[in-house]
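This report goes through a few local features of one model. Please look at the sequence and structure first.

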Amino acid sequence: MLHELLLALLGYTGDLIVDERDHQNSLGIRLSPDAPITDGPTFKLAPDLSFVQPSERDVIERIVTLGFYYRELDRFATKSRNLSWIRSSSESELQKKEEETQSVYRRAIANGIVEVLSVYRSAVLHIEQKFLSDSLPILASVTHGLNKFFVLLPPLYELILEIEHDGICGGRLLNLLHKRCHCGVPELQTCIQRLLWHGHQVMYNQLTAWMVYGILHDQYGEFFISRQEDKDREHDSSHKNVIEKLAGMSINDASLTDWHLGFHISLDMLPEYIPMRVAESILFAGKAVRVLRNPSTAFQFQNAPQQMPRGGSQITQGFKGRFSLQKEPPLLDTMSSGEELLPQSEADKIESMLQDLKESSEFHKRSFESAVDSIRSIAASHLWQLVVVRADLNGHLKALKDYFLLAKGDFFQSFLEESRQLMRLPPRQSTAEADLMVPFQLAALKTIGDEDRYFSRVSLRMPSFGITAKPSQVDLAKEKAYADGDTGSLGDNSSEISLDGWDGIALEYSVDWPLHLFFTQEVLSRYRRIFQYLLRLKRTQMELEKSWASVTHQDHSDFAKLRNDRMNCSISQQRRQRCRPMWRVREHMAFLIRNLQFYIQVDVIESQWNVLQAHIQDSRDFTEMVGFHQEYLSALISQSFLDIGSVSRILDGIMKLCLQFCWKIENQQSSANTAELDHITEEFNKKSNSLYTILRSSRLAGSQRAPFLRRFLLRLNFNSFFEATARGVLNVVRPRQTLPILQ
């Protein structure tokens, strides 16, 4: 009977010790051999044994539960370690199903369970040897030899039950083991820690593949770094959006696609004891290594000579969808053919850090986070070297400042002058962009020299969504009048439509590998938003200057006629008297626009540019550079009031009124009614007073705009004019005529 007890301890039942599941099978209840039996053990002593005392029966049934636990744990280990599907060349439906249920982490835990079971089998073998050598074996020796397994096998059985019932794998399995480690039984804690060690071996192997070679080795989706496309396949709409985003990118480089859309952190598989910050560092390091190990073809062959025409001969070739001025400069500095973006010594250093963590018997959170931070710093440093130094990031930032932030004022002044008459007409949706290319090209020929290596990356766009005017017969008539030189026929409707339509003018900037890592579509869209705002402002300022020149020329002509023609002097004198109040209004408008433009260009753009340059000089980390650039753009938008809806709407309204005023005063005839000009003047005063009141409010006084905002307000209100106007002390609008009272 003792030998049958030993066999039962290894999972083999017989006549004396039976399995209750066999009894269920005899009743016709068929169970899968791989399915867990029940929540409790099913090994029992046969009920028909009359020679066994009740006390002995209780002891034996308690001992044979270890055999049940052993059998179930061994079944789980065998099932989880099944590698037969690898050896099979042809996959059947069953094999595919088995592959879907495979788990590398379960296999690792199964290896740890096998270690525990091997110790258990050795203990059973030792008891058997003791029985054979002892002349009078007793049951107490079995209890004594296996006593420590009563605290190990039952919790392990509960563990595999939970794993199989909930389908736990990957990072969730590590979470479960980590929670089970916190117990008051030293032997059980040591055992669970060993299982967790086996699970961490898989995680460290995946981390090594990801952070050393940039390879995501995750066949069953158990790593907390996963491909974005795997998640999007579950949602068709999301997948379509990703495809559209990929199609919109100007370069089909796999590394750039991976950087922006390829990988994400799977929160379901992220162990709870790994902070999100550390997981993001792991994600960044792997993506950086992928970029460094997979340079684009253009980068690899950058030293090849380029045969391209130089100078002005290329300008005469026209615009083929994108304006090109001169020879395209090499993107990156020259690099010797044997040099690597990620030296092998650095890769070995990263692998050594992970190997040290892997060999540790316990998981130390502080050591793990320190190693990840070090690896991230290495990757960020080399990525900084690639993007900032080799790709000349600062040169491209300067180019974006020149063209998107209007630092090249002479170019945009020339462009607006060349396109001034064109912008008096509503844009034609089909040819608006082509129409603008001519003044754009002329302005480039006048102001852009051969030393500007980046202008060839700039292109002018007129998005269709920015055009609100609809072609009609009236528009055609206005265009014909414009062609005949009759600008006086343009009315208020034309001013409204042309302003709304030409506000859609935008710039695009072509960036190559690896600058897409820095200049994302979101970043370029923020640059375009600031550009459109600054271009409207500069256009308004130019129109105010042109209107002053036009009115002054008309005044000089009237003065000359006054001297030559004494008969019609009254008409010229009346015109001069009528225009003098309008000149004051124009000066008020120009004063506000000039100060706003000076504030944005000098106090905002130049000061923030100097801050960014200081950060570039001090930083050697790519992620820090991205953060500094985001702060730079946010400061530009914030201090230009683009993020305050009320202020932004008031400024847009003021610029719109200024343009309407300029066109009205230039097209005004001697007999025209000044009621429209008076209305524009009244609206301008209301909006300018509202603007001053909002900007000096206490809500903005404590924000980051405060230092430069106070300078702007000081310039506006240096003689207390705005403050007095806001209080209603001064009113430059003429009183409207009232109807006479009937007697």
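## A buried phenylalanine in a loop

Phe641 is buried (under 20% relative accessible area, where over 50% is exposed and anything in between is partly exposed, with a 1.4 Å probe and protein chains only), because its relative accessible area is 1%. Phe641 sits in the loop between helix H26 (622–639) and helix H27 (645–667). Its phi is near 70°, a positive value in a residue other than glycine. Helices (H or I, at least four residues) and strands (E, at least two) are DSSP runs numbered from the N terminus.

This is a predicted model, in which local features need pLDDT of at least 70, side-chain atom pairs count only at pLDDT 80 or more, and totals for chains, interfaces and linings use all residues. Residues are numbered from 1 along each chain as its sequence is written, and side-chain values use heavy atoms, with hydrogens and water left out.

## Leu406

Leu406 has a phi near 60°, which is positive although the residue is not glycine. The loop between helix H19 (393–404) and helix H20 (409–418) holds Leu406. With a relative accessible area of 6%, Leu406 is buried.

## A cis peptide bond

The peptide bond from Trp513 to Pro514 is cis, with omega near 0°. Pro514 belongs to the loop between strand E6 (506–509) and helix H24 (521–564).

## Leu442

Leu442 is part of helix H21 (residues 432–447). Leu442 counts as partly exposed, because its relative accessibility is 35%.
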